[in-house]
Amino acid sequence: MRQNLKLSLVIPCYNEEDGVREVIGRCPREIDEIVVVDNNCTDRTAEVARALGAVVVSERRPGYGAAYKAGFKAAAGDIVVTLDGDGTYPPEAIPELVDTLVARHLDFLSACRFPLSDPKAMGLTNRFGNWVLTVAAMLLFFKPIRDSQSGMWVFKRPILERLRVTSDGMPFSQEIKLEAILKGFRFGEAHIHYGARIGEVKLQKWRDGWLNLSFLFRKRLGLL
Ligand SMILES: Nc1nc2c(ncn2[C@@H]2O[C@H](COP(=O)(O)OP(=O)(O)OP(=O)(O)O)[C@@H](O)[C@H]2O)c(=O)[nH]1
Ligand SMILES: [Mg+2]
């Protein structure tokens with residue numbers, strides 16, 4: 001509990017047994033419930049998560065967005081918090097982010113990685129890709145946003161009912177933020193530390209970057 005609000009943390013995982021061990025181990029005691037989504041893992045992610053007290057949900061439909069949709073159904077808190085199972089986003093920052101959400105009267109707070117506090121945490125092509133995608137989102141939707149691809153969010157769970165999120169893949173991250181903004185929810189960003197990844201890279205940067213960009217245009221044109 002924080003600010004008298006029950007906190008659910010949802011972590012999508014595709015083969016993150018080392019990362020998820022570290023992430024759960026670093027979780028502050030304010031978190032009431034941890035939901036780990038096992039998205040076709042072939043390693044010991046599910047066993048590790050269960051042994052550390054998380055609820056494990058299995059989702060067979062592949063993809064980051066599909067994993068989140070399954071995880072959100074299992075979350076029961078007043079506030080939903082998300083991050084990757086790879087140790088890049090800081091679980092320690094969750095209580096302060098919840099305080100920021102409440103103090104700024106926001107419905108959706110997205111943790112912003114830029115400017116990077118550890119430049120070694122993200123390669124140059126990924127930085128460029130993030131920049132292109134965020135600028136494209138700003139230009140297409142006329143909304144100020146600094147990190148459209150951040151995977152760490154803190155939001156009021158009831159708003160989920162009103163968000164029409166369609167993507168099963170990586171575009172889910174920008175889609176949920178844009179939906180929150182376009183539906184008129186109070187949206188804000190707060191800076192966090194972003195660290196180096198634990199475990200193998202799963203992102204196919206060129207393919208996923210292109211899918212994200214074409215998704216933005218299709219959403220803008222109302223084709224989704
Ligand atoms: N790429 C990918 N990630 C998935 C999938 N299902 C669940 N995930 C998890 O979603 C989270 C985000 O994926 P990442 O591969 O870390 O994507 P990213 O953060 O953009 O890329 P990195 O810089 O390599 O961390 C991780 O915890 C993954 O394990 C999937 O089908 N594909
Ligand atoms: Mg990641």
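What share of the contacts in the protein chain with a separation of 6 or more comes from residues 24 or more positions apart? The share is 76%, where two residues are in contact if their C-beta atoms, placed from the backbone, lie within 7 Å. Please keep in mind that this is a predicted model: local features need pLDDT of at least 70, side-chain atom pairs count only at pLDDT 80 or more, and totals for chains, interfaces and linings use all residues. Residues are numbered from 1 along each chain as its sequence is written, while chains are lettered from A and ligands numbered from 1 in the order in which they are written.

**Overall build**
- The protein chain holds seven helices and seven strands; these are DSSP runs numbered from the N terminus, with H or I over at least four residues for helices and E over at least two for strands.
- Their order along the sequence is β-α-β-α-β-α-β-α-β-α-β-α-β-α.
- A compact globule of 224 residues would have a radius of gyration near 17 Å, and the 16 Å of the protein chain agrees with that; the radius is taken over C-alpha atoms, and the globule rule is 2.2 Å times the number of residues to the power 0.38.
- The C-alpha trace spans about 45 × 35 × 35 Å along its principal axes.

**The sheet**
- Seven strands form an open sheet in the order β3-β2-β1-β4-β6-β5-β7, with mixed pairing (two strands pair if DSSP finds at least two bridges between them).
- β3 (55–58) and β7 (187–191) are at the edges with a single partner strand each, so one side of each has no neighbour in the sheet.
- On average, neighbouring strands of this sheet are turned by 20° against each other, direction ignored.
- β5 (residues 108–112) pairs with β7 in the parallel sense over five bridges, and F108 has F187 in β7 as its bridge partner.
- Helix α4 (residues 94–103) packs on the sheet, touching β1 (7–13), β4 (79–82), β5, β6 (153–156) and β7, and its direction makes about 135° with that of β5; axes are lines fitted to C-alpha atoms, for helices over the stretch in contact, and angles run from 0 to 180 degrees between N-to-C directions.

**Burial and cores**
- Of the 224 residues, 42% count as buried, meaning that 20 or more other C-beta atoms, placed from the backbone, lie within 10 Å of a residue's own.
- In the largest nonpolar core, of 52 residues, V10, I11, I34, V36, V37 and V154 touch the most other members; such a core is a set of buried Ala, Val, Leu, Ile, Met, Phe, Trp, Tyr and Cys residues joined through C-beta atoms within 7 Å.
- Helix α3 (residues 64–74) gives this core its largest share, six residues.
- Beyond its neighbours within four places in sequence, V10 is in contact with residues including V35, Y68, F72 and V80.
- A second, separate core of five residues includes L133, L178, F215 and L216.

Notes
Buried ≥ 20, exposed ≤ 12 C-beta atoms within 10 Å, placed from the backbone.
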